[in-house]
Amino acid sequence: MAGFEAVSPACSPLSVAPMIQWTNSHFRNLTRTLTSRTLLYSEMIMDSALVGQHHYKRNGLGVLSPWLVALPGEQPLAYQLGGGGLDGVSCLAAAGSRPVIEGGVNLPSAEQLALAADLVCSYAAENGIEPAEININSGCPSSKALRGGFGADLMRATANDHTRAVVSSVVRRVGARSEVTVKCRIGVCAPAAQPEDSRMTYRSLCEYVAGVKSAGVKRVIVHSRVCVLSGLSTAMNRTVPPLKYSVVRNLVRDFPDMDFVLNGGLRSLSEAESVLGRAGDGGLVYAMGGGGGGEDAEKYGSDFDWEIGSGASGFPQGAMIGRAVYNDPGMLFDADERFFGAPGPAAGASWGDVLERYWDYAETLDGSNKNNSLNEVIKPLHNVFANVVGNREYKQKLDRLVQEEGRKAKKRDKGTVGGEGGGEGGGKVGSLVRE
């Protein structure tokens, strides 16, 4: 990457993890009523969806809205991309095509991910957004990711050259417009028949980090568990392998010119503060980092070589919280004050104030767009009263509202009920939510 200066803004101390079917524009807009500075992520977006849609529709960047829609007020916003797999085939290739792999690198697949990143940056610019990051998913354990050779498959020890080529292609394509980052695991446990693919030593993790660094990455988000490529479901891969926060701290020590964001198992802002060294109970949280779920936890943790060298380790530059935020968005009420030293939009506000702002946003939505259905708009609201008396009744009321409007929509489609067309009330989604 000599002679190329990539964008590298300061690392956000707090971020909300990308989550498929969760971190869409509606959720991000709700989140922005609580915190204006926390870094938010898109859902993982497949490179083939963007490249294929743009190529075959031939109708400008607007055709990408179903995947990329966002408002300027959602910033700072990072986009996560999936794809670039070693076993991937270009979505523009002829039917029945096989992966083109030369010298351990699938260049067409790498270039497809780079093109998708280019489309993201172009779409964002056209809509008044400066992407905080283009993040490459190198840790997803889903069966789809493993079949396509992307996600956690990009961490296989035998994929080193290809992964560097993927990252390098993306950095060359968009590095002047957005920082390029990688999200990975601390290791991968390959099937017994493919032991050469496993990356289960700290040394091999360092080799992976050094590889993406050489390709132009300056920041890595690390889910502090290994990924088991066979034998665990996607959900189990989020809970069964034990958390090893100390591994991330040692990466901070051994790569002092890089930024690291710790992800995995964080359940509150207090725990996030602790892993950043901002609270006195940091030792407690790092001790908790050895925990996993169920009888299989130590089975996978014990296979990792935890010889991680000597010398004082440092604290990561950022903490990323995932499902805990979706399950209790109220935890972000004072996030700006605690992590950024400034009052946030919810300072001194009640949940009533917050919901009024979200309803104002919902009023602007076009109900004829299926992504703006009442069900989708209400979905982020289900957990706003988590741990509050009456939460169950509140959720039931929301569910009844969705069901009732669904029945009305069917009648409208049959012409038996009057009113505007186009989904729930022809664009007046917010008025229905407000009711």
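1. Strand 5 and strand 6 (residues 219–228) run parallel and are joined by seven bridges, where strands count as paired if DSSP finds at least two bridges between them, and where helices (H or I, at least four residues) and strands (E, at least two) are DSSP runs numbered from the N terminus. The model is a predicted one, in which local features need pLDDT of at least 70 and side-chain atom pairs count only at pLDDT 80 or more, while totals for chains, interfaces and linings use all residues. Residues are numbered from 1 along each chain as its sequence is written, and side-chain values use heavy atoms, with hydrogens and water left out.

2. Within this pairing, arginine 185 stands opposite histidine 223 of strand 6, and glycine 187 stands opposite valine 226 of strand 6. On to strand 7 (residues 259–263), strand 6 is again parallel, with five bridges between the two, and there histidine 223 has asparagine 263 as its bridge partner. Strand 4 (residues 133–138) also runs parallel to strand 5 and is joined to strand 5 by five bridges, with asparagine 135 opposite threonine 181.

3. Strand 5, helix 7 (residues 202–214) and strand 6 form a right-handed β-α-β unit, meaning that, with the strands pointing away from the viewer, the path from the first strand over the helix to the second runs clockwise. Strand 5 is largely enclosed by the rest of the structure, because 10 of its 10 residues are buried (under 20% relative accessible area, with exposed over 50% and partly exposed in between, for a 1.4 Å probe and protein chains only). Strand 6 is likewise mostly covered, 10 of its 10 residues being buried.

4. Lysine 183, which lies in strand 5 (residues 180–189), deserves a separate remark: this lysine is buried yet has no salt bridge, and the nearest side chain of opposite charge, that of glutamate 133, is 10 Å away. Here Lys and Arg count as positive and Asp and Glu as negative, while His and the chain ends are not counted; a salt bridge is a side-chain nitrogen of Lys or Arg within 4 Å of a carboxyl oxygen of Asp or Glu. Apart from residues up to four places away in sequence, the contacts of lysine 183 include Asn135, His223, Asn263 and Met320, contact being heavy atoms within 4.5 Å.

5. Helix 1 (residues 25–32) is mostly covered, with eight of its eight residues buried, and these buried residues pack against several elements, among them strand 1 (14–16), strand 3 (77–82) and helix 15 (351–363). Tyrosine 358 belongs to helix 15 and counts as buried at 1% relative accessibility. Neighbours within four places aside, tyrosine 358 is in contact with residues including His26, Asn29 and Leu30.

6. The structure holds 17 salt bridges. One of them joins arginine 338 and glutamate 273 (2.8 Å, N to O), a pair linking distant parts of the chain, with arginine 338 in helix 14 (residues 335–340) and glutamate 273 in helix 10 (residues 269–275), 65 residues apart. Arginine 338 is partly exposed at 29% relative accessible area, whereas glutamate 273 is buried at 14%. Arginine 338 also forms a salt bridge with aspartate 334, the closest N and O atoms being 3.5 Å apart.
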